[in-house]
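Trainee: I've got a new model open and I'd like to talk it through with you. Can we settle what counts as a touch before we get going?

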Amino acid sequence: QLQASGGGLVQAGGSLRLSCVASERTNAIAWFRQAPGKEREFVAAIRWIGGSTYYADSVKGRITISRDNAKNTGYLQMNNLKPEDTAVYYCAGSNTVITSTIRLARSYYYWGQGTQVTVSS
């Protein structure tokens, strides 16, 4: 359903762009991340229709979520990366998510396989 890619190893201050290809469009697509020993946390979300975006406070100004409706692909552009951004990044989709719960992992029932992002200091 969802195929994530684009992770890798980058030095602090560098950039990466993650991609998430969806086999079919959902109401919204989101990115979550999970670092070793930590819970999965919300990063950003975007609605396919209208393009409204939502961000975690910790990434505002450094990370931009976008989508290409024609390609059914969501993107996560990450700039000025920090070592604390190191995690496995997952894309997720939902047909029923509402704004009040768009930052919650339990709102999504389609998940990609995850892509590793490692930021060295």
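Predicted model: local features only at pLDDT ≥ 70, side-chain atom pairs only at ≥ 80, totals over all residues.

Trainee: How far apart in space are Gln77 and Thr64, C-alpha to C-alpha?
Mentor: In sequence the two are 13 residues apart. C-alpha to C-alpha, Gln77 and Thr64 are separated by 5.1 Å.

Trainee: Which side chain does Gln77 join through a polar contact of 2.9 Å?
Mentor: Look at the side chain of Gln77, a residue in strand 8. Its polar contact is 2.9 Å, and the partner is the side chain of Asn79.

Trainee: Why does Gln77 count as partly exposed?
Mentor: Buried means under 20% relative accessible area and exposed means over 50%, with partly exposed in between. Gln77 falls in that middle class because its relative accessibility is 26%.

Trainee: Now the backbone. What is phi of Asn72?
Mentor: Asn72 sits in the loop between strand 7 (63–68) and strand 8. Most residues other than glycine have a negative phi. Asn72 is not a glycine, yet its phi is positive, near 50 degrees.

Trainee: And where does Asn80 lie?
Mentor: Asn80 also has a positive phi, about 50 degrees, although it is not a glycine. Its place is in the loop between strand 8 and strand 9 (87–94).

Trainee: Are Asn72 and Asn80 buried or partly exposed?
Mentor: Asn72 has a relative accessible area of 17%, so it is buried. Asn80 has 43%, so Asn80 is partly exposed.

Trainee: Let's move to Arg33. What is its relative accessible area?
Mentor: Arg33 is found in strand 4, residues 28–34. Buried means under 20%. Arg33 is buried because its relative accessible area is 6%.

Trainee: Which side chains have a polar contact of 2.9 Å with the side chain of Arg33?
Mentor: Start from what Arg33 touches beyond four places in sequence: the list includes Glu39, Glu41, Glu84, Asp85 and Tyr89. Another of 2.9 Å joins Arg33 to the side chain of Tyr89.

Trainee: Zooming out, how many helices and strands does the chain have?
Mentor: Read along the sequence, the pattern is β all the way: β-β-β-β-β-β-β-β-β-β-β. The count is zero helices and 11 strands.

Trainee: Why call the chain as compact as a globular protein of its length?
Mentor: For 121 residues, the globule rule gives 14 Å. The chain comes close to that, so it is as compact as a globular protein of that length, with a radius of gyration of 13 Å.

Trainee: What share of the residues counts as buried?
Mentor: The C-alpha trace spans about 40 × 25 × 25 Å along its principal axes, and the chain exposes about 6,000 Å². Of the 121 residues, the buried share is 47%.

Trainee: Last one: how far apart lie the centres of the positive and negative sets?
Mentor: The chain has 13 positive and 7 negative side chains. The centres of these two sets lie apart by 4 Å.

Methods
Residues numbered from 1 in each chain as written. Heavy atoms only, no water. Helix = DSSP H or I, 4+ residues; strand = E, 2+ residues; numbered from the N terminus. Rg over C-alpha atoms; globule rule 2.2 N^0.38 Å. Buried < 20%, exposed > 50% of the residue type's maximum accessible area, 1.4 Å probe, protein only. Areas by Shrake-Rupley, 256 points an atom, 1.4 Å probe, with all protein chains shown as cover. Lys, Arg positive; Asp, Glu negative; His and termini not counted. Charge placed at Lys NZ, Arg CZ, Asp CG, Glu CD. Polar contact = N/O pair within 3.5 Å; in protein donor to acceptor, adjacent residues only side chain to side chain. Contact = heavy atoms within 4.5 Å.
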